[in-house]
Amino acid sequence: MQEMRLFRRLIGRGRGRKQAVLVVFLIVAILLLGRLTARHEPVSEAGSWLKDAGRIPKDEYNVLLLARADRKSPWPNYAEPKWRATSEQQRSLNQVIKAALSQPNKKAKSNNAPLWAQRRLQVKAATKSAWDAYARDAFGSDEYHPLSHRGENMTKAGVGYFIADVLDTLLLTGLTDEYKRGRDHLASTLTFDQPGAVSLFETTIRVLGGLLSAYHWSGETDTKLLQLADELGGRLAWAFGTETGIPPETAQLRPSGKPQAYLSSTAEIATLQLEFRYLAKVTGKQQYRKSVDRIMDVIFKAPKYDGLAPIYMDATSGKFSGGEIRLGSRGDSYYEYLLKQWLQTRQSEPELLAEYEAAMEGVKKYLVALSPNQKLTYVGEIQQATSDTPYFNPKMDHLVCFLPGSLALGATKGRALSDIPPAQLSARNREDLILARELAETCMHMYLDTKTGLSPELVYFRHIDPATGKEAEFGKGDQLVQPNGDILARGNDRHNLLRPETVESLFVLWSITGEEKWREYGWSIFSAIEKWAKLPAGGYTSLNDITIVPPTREDKMETFFVSETLKYLYLLFSDSDSVPLSQYVFNTEAHPLPQFSWN
């Protein structure tokens, strides 16, 4: 041993006996210390990061806030809500980061694995119930009406709308027999060579996205699924042939002539890219990619309001149209896909990230507000953006509840906090995580503050106008969901379609933060769905008014309930690595597609 050789050299040089004894003592101490150290695991990398978990980058954040405040507003007369992350929220985030780093093994996040396994099985049973009812009453139909036990098609022959949309849910939940029946039906009977017009957006995200996801998750060997996707993509792509490249909102399955487009929804034209880009990747047909990239080029060049886009685009001029700006209907997935396109091609297209970050800066500066009583953080809307008197509207669609997940996804690029050195989180990343957590809590209030535990389609918030200091007035028909609360639900807005946006964000936040509360929130939503929306004979329905008990039913089971809501709940109750967010992007219909490189 090296230590003994050192000892012999010292003795050989005639050093004294005391010196020799001292050396022997030191050697023995070193050996014992080495053995003791060897008995313990080395300090983990995550453990070494804990020292940075308490840091709050105050100076960096102040610079960010000053830059935001100094940006010239496109509306001189608009009263900005002036949201910012508080010190308390910063400290709360640090506690989340510390907890994540203290338990870096993702599979050990839950202290009650058997409970979540049992709850996951209940979601699987719900998925089977929904499928079995559809298969019994309406198999092969595009839409399902469970109360009248019938199906309905969008074209005379149908376009596989329901089955294609739910195939990957059946696969991911382990319902292999059901998957095989649905897949075989599409393979043997579905053709897109038929007359009829379909929604370009809905058919792309549900049918094309569903076929591509099923193709991937079945091993990328099912050539029939890819053939169907290619056939559908080729027919839908006809709509991209306008002068500007901005498509109309409908596509002809048997195209003829040149498509004409006048006014198109911003969200719809900017929510085709994940699907057509992946189709280009797996077929090698780059024209698919070029067509949807051309749309983005037009959008990039079009003037915006400090990163924010109105909800319509004039397809003839390639400029935005109208004065409504919102992250709800007709606006939502435009912002979602800016980020997800960048992630899809492994962060290789910086212009997409730049557009996304500029948009989120606009959201924080002009749209994020705090309610006066419950102190709920929410995202409002801008009305009359083209006028001299634009104003803030404290209205928030349930659709906006996608945003917490997107913010968290953008902050960490899909990585769990347990895998990230805290020093790598910028002030903007931290702010995005804080805003994500606050907005998710608000989305949960939209559920938990009602009598049924289910959210209205959209809500309004009590709002103090920063310009006047007075609370905005509401009509007599408005209803406070909770006495002395801040959430109001108007008569026409109280329905619930079993939408997925909140559980989508809960899944993303659970995957990234490891906080158990997001799963408990998901269980609360699932329990309310089981209580009020499930039919005794199987299947589920939408609900007309969730502020009364029991709520009345609507004769419709939306495909997105199975495709999205149940899928996200199943994944929320599963191992967080089931579909790694650092390797996949979910399209806006919850179809997980793999990230890839073009080369």
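The model you have open is predicted.

**Stop 1: helix H20**

Select residues 559-572, which form helix H20. Its 14 residues reach 19 Å from the first C-alpha to the last, close to the 20 Å expected. Now click leucine 566. A kink of about 25° in H20 is centred there. Is H20 enclosed or open? Of its 14 residues, 14 are buried, so the helix is largely enclosed by the rest of the structure.

**Stop 2: the largest pocket**

Rolling a probe the size of a water molecule over the atoms shows where empty space is left. The largest pocket has a volume of about 470 Å³. Select Phe201, Glu202, Asp332, Leu399 and Arg499. Of the 25 lining residues, these are the closest to the pocket's centre. Next, colour the helices. H20 returns here: H9, H11, H14, H18 and H20 each supply at least two residues of the lining. Which helix gives the most? H9 does, with four residues. By class, the lining has 13 charged, eight nonpolar and four polar residues.

**Stop 3: the second largest pocket**

Move to Tyr391, Phe392, Asn393, His463 and Asp465. Among the 18 residues that line the second largest pocket, they are the closest to its centre. This pocket holds about 240 Å³ of space. Strand E11, residues 391-393, gives the most to its lining, with three residues. The lining divides into eleven nonpolar, three polar and four charged residues.

**Stop 4: salt bridges**

Side chains of opposite charge can pair when their charged atoms come close. How many salt bridges does the structure hold? It holds 41.

- Select aspartate 184 and lysine 180. Their closest N and O atoms are 2.7 Å apart. The two are four residues apart in helix H8, so about one helical turn separates them. Aspartate 184 is partly exposed, at 27% relative accessibility.
- Select glutamate 589 and arginine 206. Their closest N and O atoms are 3.9 Å apart. This pair links distant parts of the chain, 383 residues apart: glutamate 589 is in the loop between E18 and E19, and arginine 206 is in H9. Glutamate 589 is buried, at 2% relative accessibility. Arginine 206 is buried too, at 7%.
- Select lysine 258 and glutamate 243, which meet in a salt bridge of 3.9 Å, N to O. Both lie in loops, and the pair ties together parts that are 15 residues apart in sequence. Lysine 258 is partly exposed, at 45%, while glutamate 243 is exposed, at 65%.

**Last stop: a network**

Finish with Arg68, Arg71, Asp306, Glu361, Lys364, Arg428, Glu431 and Asp432. Salt bridges link them in a network.

Notes:
Residues are numbered from 1 along each chain as its sequence is written. This is a predicted model: local features need pLDDT of at least 70, side-chain atom pairs count only at pLDDT 80 or more; totals for chains, interfaces and linings use all residues. Side-chain values use heavy atoms; hydrogens and water are left out. The expected span of a helix is 1.5 Å times one less than its number of residues. The bend at a residue is the angle between axes fitted to the seven residues ending there and the seven starting there. Buried means under 20% relative accessible area, exposed over 50%, partly exposed in between (1.4 Å probe, protein chains only). On a 1 Å grid over the protein atoms alone, a cavity is a set of points where a 1.4 Å probe fits but cannot get out, and a pocket is an open set with protein on both sides within 12 Å along at least five of seven lines; lining residues have an atom within 4 Å of a point. Grid points are joined across faces, edges and corners, and a volume is the space filled by probe spheres set on the points. Ala, Val, Leu, Ile, Met, Phe, Trp, Tyr, Cys and Pro count as nonpolar, Asp, Glu, Lys and Arg as charged, and the others, Gly among them, as polar. A salt bridge is a side-chain nitrogen of Lys or Arg within 4 Å of a carboxyl oxygen of Asp or Glu.
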